[in-house]
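Work through the exercises below with the structure open beside you. Try each task before reading its solution.

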Amino acid sequence: MIQTSSKTYELDDIEMRQMYASTLLELAQNNPNVIALEADLMSAISTNKIIGKIPGQLINSGIMEANMMGVAAGLALTGKIPYVHSFAQFVTRRAFDQLFVSGAYAQLNVKIVGSDSGVTAEHNGGTHMAFEDLGLVRLIPNANVYEVSDAVQLGYLLRKIEKEYGIHYIRTIRKKAVKLYDENETFESGKGKVLREGSDVTIIASGIMVAESLKAADLLQEQGINATVIDMYSIKPIDKDLIVNYADKTKAVVTAENHNVIGGLGSAVSEVLSEHCPTRMRRIGVKEQFGQVGKAEYLKEFYKLTANDIVTAVKEIQ
Amino acid sequence: MDIDLRKLEIFRDKIRLLTLKELHHMGFGHYGGSLSIIETLAVLYGEVMKVDPNNPDWEARDYFILSKGHGGPGLYATLALKGFFPEEVLYTLNQNGTTLPSHPDRNLTPGVDMTTGSLGQGISVAVGVALSHQLSNKGNYTYSIVGDGELNEGQCWEAFQFAAHHKLNRLFVFVDDNKKQLDGPTKDIIDPLDFVEKFKAFGFYTMKVNGSSLEQIYKAIQKGKAQTDKPVAIILDTMKGQGVPYLEEKADNHHIRPNPKDEEAILTAISELEIKLGKAGAMTI
Ligand SMILES: Cc1ncc(C[n+]2csc(CCOP(=O)(O)OP(=O)(O)O)c2C)c(N)n1
Ligand SMILES: [Mg+2]
């Protein structure tokens, strides 16, 4: 749990990609049916470090994301449990119909991990910067959609979805995230985590924007505004009860995501609220824009994804 | 041969020099795949292509699409030398707010004909451009470079079927066969088998040349232009990091964040090229 007084949010010791690789190694060693698929980005997600240990359970399919998704469906059809990884745009935008038809419509068991999400794609720029992936996968009937905020959460969810049949998409960054949880924290599907309680406004965030929201809550507190901060790592299914409960309590909701405001967390929360508890709301996220090259900090400023932007949005609806 | 090889060699060396300087200034980037296409860029922009730096959108120009978009820094150095924009702009590569992103963007950079970076997509667009000119009975040529790893993508082979079916003889596909992709040797990831046989089977007029030989590349293009009913494939036998022996030998040379040893080798390569060009009386870029 976060201490509300803490003003600095420390990066974890472990990179998200190290957590991905070590968890996949553990899963594969414990279950011969777990097969990890890559599309020539193994060294970007550190699975190149584990390949020697699980030959045959880690396959580099080459630069063929659409084919890789179909191959994953074929593996699933015969009882294997494929974990498919590439950068977020390649496993969603690039291979969407294969994911949709061969994976989801055929009702197969495929786990997908999209990395380098949003502004963290940095110098790969506009072609590589996915602000749409959550929206795309959320459109698929019965798909489970997560955006992880820290390494413990990533490891936990990777293990959890092994046991659950169906399409699961996990969105992550590759490098270090702010450490939010201790080792034994658990994460249910369809639930959010309240990281901080405050009665004036509820900030609902996912991924890198959770830490940004905690910073915003500190800034708001200095100005006498008490914010609740929720890590909504499960974007679909989404924690309807928690959203309605806090919207009702605080009468103001701001969402924050490193993603287009259309289709992702902001959309999901507003859909819940407009039907069940209409509430004054603002969405922090990318608005009608494409990606571009730059450092993540610069891009956060550019797309208005900073703690200060959250503060401004809160004040608009206070 | 009817070209001034000496002049072309100087152009090549200048492109290599500026590519190294620009990547070094940024601090990291796709050295391997930027360097392996420099001879081809030198022949295309130095001798073959009809372009006008003062009028990048000139309708009668030849088109160039870098389907392996991560080679952008090599293309940018070439375009700067041709006069599409000042050399200083090169040193904004990948900086916040730049007009020169890692991957080429037609909306940001004068002389860049198409936005690429998602591998496999540029080549289809090149086919579309060639088709358009054929439909309008225009004489423009379309040149495109694909990576050997990029050819993993099924979309490339869809593009090739389409090009051959429509007899797009003014389309030139260069395969930068540097034998490596991101995670390692192409042969170990998805064995490409024999590109020459593959392209022949797909209906291309196919040649294989030494991709570090300006002369061979030039001659292959002339031969390709002489035939009239097939698209042309030129398989370039290249090396990642080409032209800088240290980088050619470095195992992990796709995307480099130089360690102190790399740094020294890169700086040495830069000064060697400067000295070589200085002796040739060609240092003013
Ligand atoms: C569709 C797509 N998938 C993955 C990538 C990430 N990526 C960038 S370069 C590269 C390797 C390319 O290898 P190759 O085509 O052989 O290029 P070169 O060796 O000339 O660098 C990969 C996988 C990408 N840019 N696009
Ligand atoms: Mg290659």
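**Exercise 1: two domains in one chain**

Chain A is divided into domain 1 (14-178) and domain 2 (193-317). The model is predicted. Describe how domain 1 of chain A meets domain 2 of chain A.

Solution. Start with the spacing: taken over C-alpha atoms, the centres of domain 1 and domain 2 of chain A are separated by 25 Å. Next, count the residues in the contact: 27 come from domain 1 of chain A and 29 from domain 2 of chain A. Then look at the elements on the domain 1 side of chain A. Those that give two or more residues to the side touching domain 2 are helix H6 (133-138), strand E6 (144-147) and strand E8 (176-178) of chain A. E6(A) gives the most to this side, with four residues. Last, sort the side of domain 1 of chain A that touches domain 2 by class: 12 residues are nonpolar, 10 polar and five charged.

**Exercise 2: a helix in chain B**

Check the span of helix H5 (residues 121-135) of chain B, then state which elements its buried residues pack against.

Solution. Helix H5 of chain B has 15 residues. The expected span is 1.5 Å times one less than the number of residues, so H5(B) should span 21 Å. The end C-alpha atoms of H5(B) are 21 Å apart, which agrees. The buried residues of H5(B) include B:Gln121, B:Ile123, B:Val127 and B:Ala130. Strand E1 (63-66), strand E2 (142-147), helix H6 (154-165) and strand E3 (171-177) of chain B are the elements that the buried residues of H5(B) pack against. After H5(B) comes B:Asn137, with a positive phi near 50°.

**Exercise 3: buried or exposed?**

Solution. A residue is buried with 20 or more neighbours, exposed with 12 or fewer, and partly exposed in between.

1. B:Leu100 is placed in the loop between helix H4 (72-82) and H5 of chain B. Leaving out residues up to four places away in sequence, B:Leu100 touches B:Tyr76, B:Val89, B:Leu90, B:Thr92, B:Leu93 and B:Thr109. B:Val89 is 11 residues from B:Leu100 in sequence, and their C-alpha atoms are 7.9 Å apart.
2. B:Asn94 lies in the loop between H4 and H5 of chain B. The phi of B:Asn94 is positive, near 65°, in a residue other than glycine.
3. A:Lys304 is found in the loop between helix H11 (296-302) and helix H12 (307-317) of chain A. Although A:Lys304 is not a glycine, its phi is positive, about 60°.

**Exercise 4: a ligand site**

Which chains surround ligand 1?

Solution. Residues from chains A and B surround ligand 1, so the site is shared between chains. There are 25 residues around ligand 1, and B:Gly33, B:Gly147, B:Gly149, B:Glu150 and B:Gln181 come nearest. By class, the shell around ligand 1 holds five nonpolar, 12 polar and eight charged residues.

**Exercise 5: a cis peptide bond**

Where in chain A does A:Pro237 lie, and what is omega for the cis bond that joins A:Lys236 and A:Pro237?

Solution. A:Pro237 lies in the loop between strand E12 (234-236) and helix H9 (240-250) of chain A. For the cis peptide bond joining A:Lys236 and A:Pro237, omega is about 0°.

Terms used
Residues are numbered from 1 along each chain as its sequence is written. Chains are lettered from A and ligands numbered from 1 in the order in which they are written. This is a predicted model: local features need pLDDT of at least 70, side-chain atom pairs count only at pLDDT 80 or more; totals for chains, interfaces and linings use all residues. Domain bounds come from an automatic or database domain assignment. Two residues are in contact if their C-beta atoms, placed from the backbone, lie within 7 Å. Ala, Val, Leu, Ile, Met, Phe, Trp, Tyr, Cys and Pro count as nonpolar, Asp, Glu, Lys and Arg as charged, and the others, Gly among them, as polar. A residue is buried if 20 or more other C-beta atoms lie within 10 Å of its own, exposed if 12 or fewer, and partly exposed in between; C-beta atoms are placed from the backbone. A residue is near a molecule or strand if its C-beta atom, placed from the backbone, lies within 6 Å of it.
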